[in-house]
Amino acid sequence: MDTSYPREDYPPVPSHKRDPSPTGLVPPPPRDHLVWSIFNTIYMNFCCLGFVALAFSVKARDRKVSGDVEAARRFSSKARCYNVLATAGSVVLPLLLAALVITGVIHLSKLAQESVGFFTYQFSPSDEEDN
């Protein structure tokens, strides 16, 4: 009985020598910020800026796939700006609102403590003094 199996011939391993490229360094493709835009659209859609960022992210990805790198960079830059605005608006405004509520509560509690003396003051003398 023959238990041998066919063995594949492996191609020769190329050497790790670098060929100098005449074009130089190729800039990386632009980022489309799609995940950030989806997150902003679902969780932090402040004034619909997350949705606008998602639209520009999809446009940037489409342009990148079609090979128009310059248009992809423009759309990517706009998507990043809208994502920053949506994130900042969704984080800063609630923090500002919380700070205003806290300072308002502190101010009202001080006013309530100061007005306790006003409401407990007797304006007229007691009935015993009149007799």
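**Entry: Cys48**

I started at Cys48, which sits in the loop between H1 and H2. A note to myself before going on: this is a predicted model. I looked up the backbone of Cys48 and found a positive phi of about 60°, although the residue is not a glycine.

**Entry: His33**

I then went to His33, in the segment before H1. His33 isn't a glycine either, and its phi is positive, about 55°. The relative accessible area of His33 is 13%, so I noted it as buried. The cut-off I used here is that buried means under 20%.

**Entry: the overall fold**

Time to step back and look at the whole chain. How many helices and strands does the protein have? I noted four helices and zero strands. Going along the sequence, I wrote the pattern down as α-α-α-α. The protein has 131 residues, and 18% of them count as buried.

**Entry: the annotated spans**

I checked the UniProt record next. The entry is unreviewed, and its annotation "transmembrane region" covers residues 34–56 and 82–106. I wanted to see what the model does in each span. Residues 82–106 are 100% helix and 0% strand, and the C-alpha atoms at the two ends are 36 Å apart. For residues 34–56 I got 74% helix and 0% strand, with the end C-alpha atoms 9 Å apart. The loop between H1 and H2, where I found Cys48, belongs to my notes on this stretch too.

**Entry: a salt bridge**

I went looking for charged partners. The reason is that side chains of opposite charge can pair when their charged atoms come close. The count came to one salt bridge. Which two side chains make the salt bridge? They are Asp32 and Arg61, at 2.5 Å from N to O. Asp32 is in the segment before helix H1 (34–42) and Arg61 is in helix H2, so the pair ties together parts that are 29 residues apart in sequence. Asp32 has a relative accessible area of 9%, so I call it buried. Arg61 comes to 38%, so I call it partly exposed.

**Entry: the positive patch**

Still on charges, I found a surface patch of positive charge where Lys59, Arg63, Arg74 and Lys78 gather. Which helices supply at least two residues each to the positive patch? Helix H2 (49–66) and helix H3 (69–120) do. Arg63 belongs to helix H2, and its relative accessible area of 36% makes it partly exposed.

**Entry: the nonpolar patch**

Which element gives the most to the nonpolar patch? My note says H1, with four residues. Tyr43 has a relative accessible area of 61%, so I marked it as exposed; the cut-off for exposed is over 50%.

Ala71 lies in helix H3. Is Ala71 buried or exposed? At a relative accessible area of 3%, Ala71 is buried. I took the C-alpha distance from Ala71 to Lys59 and got 8.9 Å, with the two residues twelve apart along the chain. Lys59 was already in my notes as part of the positive patch.

Ala86 lies in helix H3 as well. Its relative accessible area is 0%, so Ala86 went down as buried. How far apart are Ala86 and Leu49 in sequence and in space? I wrote 37 residues along the sequence and 5.3 Å from C-alpha to C-alpha.

Technical notes
Residues numbered from 1 in each chain as written. Predicted model: local features only at pLDDT ≥ 70, side-chain atom pairs only at ≥ 80, totals over all residues. Heavy atoms only, no water. UniProt positions renumbered as here; feature names shortened; annotations may be inferred. Patch = residues over 30% accessible without salt bridge, like charges linked within 9 Å, V, L, I, M, F, W, Y side chains within 5 Å. Areas by Shrake-Rupley, 256 points an atom, 1.4 Å probe, with all protein chains shown as cover. Salt bridge = Lys/Arg side-chain N within 4 Å of Asp/Glu carboxyl O. Lys, Arg positive; Asp, Glu negative; His and termini not counted. Charge placed at Lys NZ, Arg CZ, Asp CG, Glu CD. Buried < 20%, exposed > 50% of the residue type's maximum accessible area, 1.4 Å probe, protein only.
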